[in-house]
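Keep the coordinates open as you read.

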Amino acid sequence: MKRAFSMPGFAIGFCMAIVFVAAALLSFFWTPYATDGVDIVNKLRPPAAGNWFGTDQYGRDILSMLMVGARTSIAVAVVAVGIGMGLGVPLGLAAAAQKGSLIDEILMRGNDLVFAFPALLIAILITAVFGPSAVNAIIAIGIFNIPVFARLSRGAALSLWTRDFVLSARVAGKGALRISVEHILPNITNLLIVQGTIQFSLGILAEAALSYIGLGAQPPMPSWGRMLADSQTMISFAPHLALFPGAAIVLTVLGLNLMGDALRDLFDPKINRER
Amino acid sequence: MGLLQIKNLNLSIGDTQILQDISLQAEAGKIVAIIGESGSGKSMTAYCVNRLLPRGANVSGQVMFDGQDMLQLPEPALCDIRGADIGMVFQEPMTALNPVQTIGAQVAETVLIHGAAQKSEALKIARETLNRVGLPAAEFPLSRYPHELSGGQRQRVVIAMAIALRPKLLIADEPTTALDVTTQAQILGLLKKLVVEDGMALLLISHDLGVVADIADTIAIMRRGKVVESGPVKQVFAEMNHPYTRALFKASNHVPDRAAKAQETPILQVSGLVRDYILPRKSLFGAPPKLRAVNDVGFSIKRGESLGLVGESGCGKSTLTRAILGLDAVQAGRIEIDGRAVTAGEKVPRELRRKMQVVFQDPYGSFNPRHKVMRLVAEPFHLLDNAPTGSARHQAVEKALTEVGMLAADADKYIHEFSGGQRQRIAIARALIIKPELIILDEAVSALDVSIRAQILDLLAGLSDRLGLSYLFISHDLSVVRAITDRVMVMKSGKIIETGDTETVFTAPQHPYTKALIAAAPVLEKTP
């Protein structure tokens, strides 16, 4: 961990991410203003001392909206990555353990099938069937994450299966399940952490995109993507409406990507040696 | 004055002193061998000559090559010399070639970089050089890719790259270590021929005294960054002034004392064993082709006996091991363990698996890097129905560790804290923990330095005496097999072609392939 913080990319990315997490946590207890009240008198105020980031067309404080919106974004991303890892990793490990078998073929072709549709398309499909909501957005993004983790863990596990220590575990009579849990999984955790950070930032982006087209979080629940969508018609006379949610998305994703990149470098023994 | 003269060379990287006061010289048309165990600084000495040193290296002294001090030359001048005047051959022919370039392009590249010729001319030179290293145009056109060649052929391409511009000095860093014995003999013969033809100097780096004994003119023995003894080969071998030289020589020819006598009852009997691999389909219809890796193999190992299995890479040794251990299903044949038969297609039951354990070649790859030694060594307990738990488990692991000459306290360490030799001891401890009757040693000492190898061989011999263990000793190294086995089998293309008492097979081989193997193996003459 110490070594991680000595890398500028990780330190900067970590700080950026922590600011947004802290804002989301804080919003449970306190926001500068309530986000569900309408205050038409103060609508479309530019950033000023009272409202740092200004107010929207209903007079709601943008900073408060962003804080509560961070909650939605982070929750969606965490659960979506959780679904992807929780289902994708076991599937990938199972496919690797039975390499070349029918199970492997079915799992991997199923993967290809999910991969063949863009994440957004799956999301539109799901929300078209079950109706737009934050929960459905989570499920849609989570499903898209499954093949990502399944492929990654299968590929990494395949190379581990040829190693001697796995062979000696087989000589010790251990079955595929036990070997996968005891020997394979601990050796691919690094990869999973790195991929997790990247998928996390993609999840935030996907949630914003879904909310932007109206398929994610529904009003009055604030969401960065919907704030952007709502500001579209007013961008000429109230640009701050688009600026702040947009900046929040960019900074969070940038921070997480910086972290992911740094973690990848940290865990890659080849890069470490050159250091 | 010689072509290459190294005087008082010192090298340190960071705070670590790598080389101390090295002095060597090489003359045109002569072969200088640098011998040493891993970490002795032999490769670093070679890298100092063409100054391919890692960042942070601090070097002092003098490396005079052809009248110039290599340590004083600027980088561009060094680039002109590297490849043109100093050629280099690496250990691993699999990784020394670029897999996406043809062999012709790679050999011609050396010529082109140095601006010695135009493209068409360079390809002509490449062709001639490949002819010289024994890759004739008819079978090996320039358009071949490295993956189409065998290990020995690839090493020939690497040599061709190094000698394309007829360098004055060729540095060969363990050029035959990754190769089979018969291929090794051919490559050494080729190097010797090239030295004579081109009148170049050859700096041959090796860990194997036997390899250099035949072909080197002078020899330098290195240990911990110092040259402990050097001089003409005959003189060094005859005098052996330094104790380390004597120790190294002794370790190379080490024969452990073995008292164990084979009993009459067999522990393992194999008959008519067949193992096929299914290859990718050639056409949509019809059965996919098969590769018969193990073809009708039969043998038996008696209790307390040590049986050797020799053969070159790809002969089916490892496949046979996996079949015996019950890791892969076999297509035909019978395996009888301790009197109980297991037929083809049947799973080997746990109570029979318990009687066999295995030690692999690579001391680095055979342990999960994330577990402690305690957990690693205890792994085979999985095969027992009522494995010891708690403190009994701890005691069993500690006992196994002390049995192989490690400390009980080592159980709490991670595997990366140990050297290659220590890891191999831990691997043996892991095999011993459930008190098996047969241990399969799959090239178990091949990756070790000679002195460590001698210690491990002694350990194995002692264990077999005390515990009545049987060994199936698989190796490509004939001298090791000769030292530790009672009987030996020779395997070629999936078949056992000769079996007999070790001494009989080695002194009077019957099969032409066995004869070729024994003739190709480097022999280190025993001097009184």
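The paragraphs below start with chain B as a whole.

This is a predicted model: local features need pLDDT of at least 70, side-chain atom pairs count only at pLDDT 80 or more, and totals for chains, interfaces and linings use all residues. Residues are numbered from 1 along each chain as written, while chains are lettered from A and ligands numbered from 1 in the order written.

Chain B holds 18 helices and 20 strands. These are DSSP runs, numbered from the N terminus: helices are H or I with at least four residues, strands E with at least two. The C-alpha atoms of chain B fill a box of roughly 70 × 60 × 45 Å along the principal axes. Its radius of gyration, 25 Å, agrees with a compact globule, because 528 residues would give a value near 24 Å. The radius is taken over C-alpha atoms, and the rule is 2.2 Å times the number of residues to the power 0.38.

In chain B, 44% of the 528 residues are buried, with 20 or more other C-beta atoms within 10 Å of their own C-beta, placed from the backbone. Contacts need C-beta atoms, placed likewise, within 7 Å. Of the chain B contacts between residues at least 6 apart in sequence, 69% join residues at least 24 apart.

Now the contact between chains. Chain B gives 17 residues and chain A gives 14. On the chain B side, helix H11 (350-353) and strand S16 (356-359) are the elements that give two or more residues.

Last, a helix pair in chain A. The axes of H3 (residues 62-97) and H6 (residues 134-161) of chain A come within 5 Å and cross at roughly 35 degrees. Axes are lines fitted to C-alpha atoms over the stretch in contact, and angles run from 0 to 180 degrees between N-to-C directions.

Key. A residue is buried if 20 or more other C-beta atoms lie within 10 Å of its own, exposed if 12 or fewer, and partly exposed in between; C-beta atoms are placed from the backbone. Two residues are in contact if their C-beta atoms, placed from the backbone, lie within 7 Å.
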